[in-house]
Amino acid sequence: MLADSDTRWKWGALTAQRLVPEGPETGGRLDGFLLRGRATPTVRQLAEVGVRADALREVTGPGFVRAMDRDRYDIIVLSLVGGAVQAMVHGLAHAWRGAARRPVVVTGYVGVVYEKLADGLLLRHGADVVLANSRHDAERFREVYRGVGAPADSVVECALPFLGGARYDERARLGRAHPGGTVVFAVQPSVPDNRADRTYLLRRAVEHARSHPDREVVVKLRSKPGEHTTHIEELPYQKLIDRLGDGVPANFRLAYGNMGEVLDTADLLVTVSSTAALESLHRGVPTAVLTDLGIRESLGNHHFLGSGCLASWDELDAGHRPEPDPGWLARQGVAADGPYETWFDAARERVAALAAADTLPPLDPYYTRATAPGYLPGRLARYGFAPDGRPRPGAAPEDGDGAGGLRRVVRHTVREAARGAYRHGVQRVAPVIRRMGEL
């Protein structure tokens, strides 16, 4: 499995486990690869997911392609941003050209798909299996592929691999230190994306704790300062809370950790548009998607139209608890009919059938030099591949020697400089340094 950030490691590792369950009867083994880049997760971030790989290695794109062969692997899960998926598909297609047998290539999305639907999907086309996390997504994915005349039979409906956990029991809060319940505000690295809005949301969470002393308010953070996530966090809440100036009540705290463990004691999940809302809804935890900043595509909360979960902090302060719409939940692959364990049956069967085949056709992505001559080469070059999928001359070697090794040292130094800038509050300098590190 190849991932390029903490969130995608979570989706990819758990998806791999769903597709090939562990146990002596399957002989399943998970080798993890981390695509080197600005969002490469730290050891702490990997541990927070709670999935251990049998082996773990950081690689470049060409290095990953060189490591993939049928003798070693049966299934490859690409848990990456769309452009990286497309680059790996072309790189693997070139490496396996003329081979009778090859691994099965699987990809998908890590959560709610609310932007860049066509762009992201077409960049994922060419994988043998494109997983859709719900019936709603499966229908949209097939529509996009058919709309450009591309085969849509790679789309397979399943569910988010990190749902599950104990069902919510409202009576459990009565035995805890705060009998009024625990309110969890699940924040996001880049939504909203400005200081004023993020400070507003943080202040409202603090005020909710202050006006409800029988409740505990927990702000669930994604990363520690200096760590990177799928999306760049220019304004971490840890920094903003230091600037509130009026202190926080004793029943308010910041928290890291596995989201599933946080939800074990949650009585209300509040967010702008985090995938945590789907985890919460699946368990039956009351869930509020905030409307304070409007319902806007840039915030992602428009995805929850019709869910019954839209609410403001004012309404929550007054005691409102949203009631989710059952039909909406079913379309989104949350609390659907049948046990959760069966939702991956179709994907397991498709992957197993492909893996058992004597031969598989060559990987055949929609984007080629003929269909996207002004777009594809740039996507591939960013990850070290020429337009025909072969590694570009001078692509970073894996042994750390030569120009590639020097580039990695420079990138590491630049990333450390950005982290130091954050630690010292130099928030205008850090984004510029980080972007230099991506060159």
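Predicted model: local features only at pLDDT ≥ 70, side-chain atom pairs only at ≥ 80, totals over all residues.
1. Main core. The largest nonpolar core holds 42 residues. Those with the most contacts inside it are L2, F64, M68, L78, M88 and Y145. At least two residues of this core come from each of β2 (31-35), α3 (61-67), β4 (75-79), α4 (82-95), α5 (117-124), β6 (129-132), α6 (135-147) and α14 (376-381). The largest share is that of α4, which gives six residues.

2. F64. Leaving aside residues up to four places away in sequence, F64 touches L2, F33, V59, I76, L78 and M88. L2, L78 and M88 are also listed, with F64, among the residues with the most contacts inside the largest core.

3. Second core. A separate core of 41 residues is also present, and A16, V49, V129 and V156 are among its members. In soluble globular proteins, nonpolar side chains tend to be buried together.

4. Length of α6. This helix has 13 residues. From its first C-alpha to its last, α6 reaches 18 Å, close to the 18 Å expected at 1.5 Å a residue.

5. The residues D137, A138, F141, V144 and Y145 of α6 are buried. Viewed down the helix axis, the buried residues of α6 fall within an arc of 130 degrees, so they line one face of the helix. E143, R146 and G147 lie on the other side of α6 and are exposed.

6. Just after α6 comes G149, with a positive phi of about 80 degrees.

Methods
Residues numbered from 1 in each chain as written. Heavy atoms only, no water. Core = buried A, V, L, I, M, F, W, Y, C linked by side-chain atoms within 4.5 Å. Buried < 20%, exposed > 50% of the residue type's maximum accessible area, 1.4 Å probe, protein only. Helix = DSSP H or I, 4+ residues; strand = E, 2+ residues; numbered from the N terminus. Contact = heavy atoms within 4.5 Å. Expected span 1.5 Å × (residues − 1). Arc of directions from axis to C-beta.
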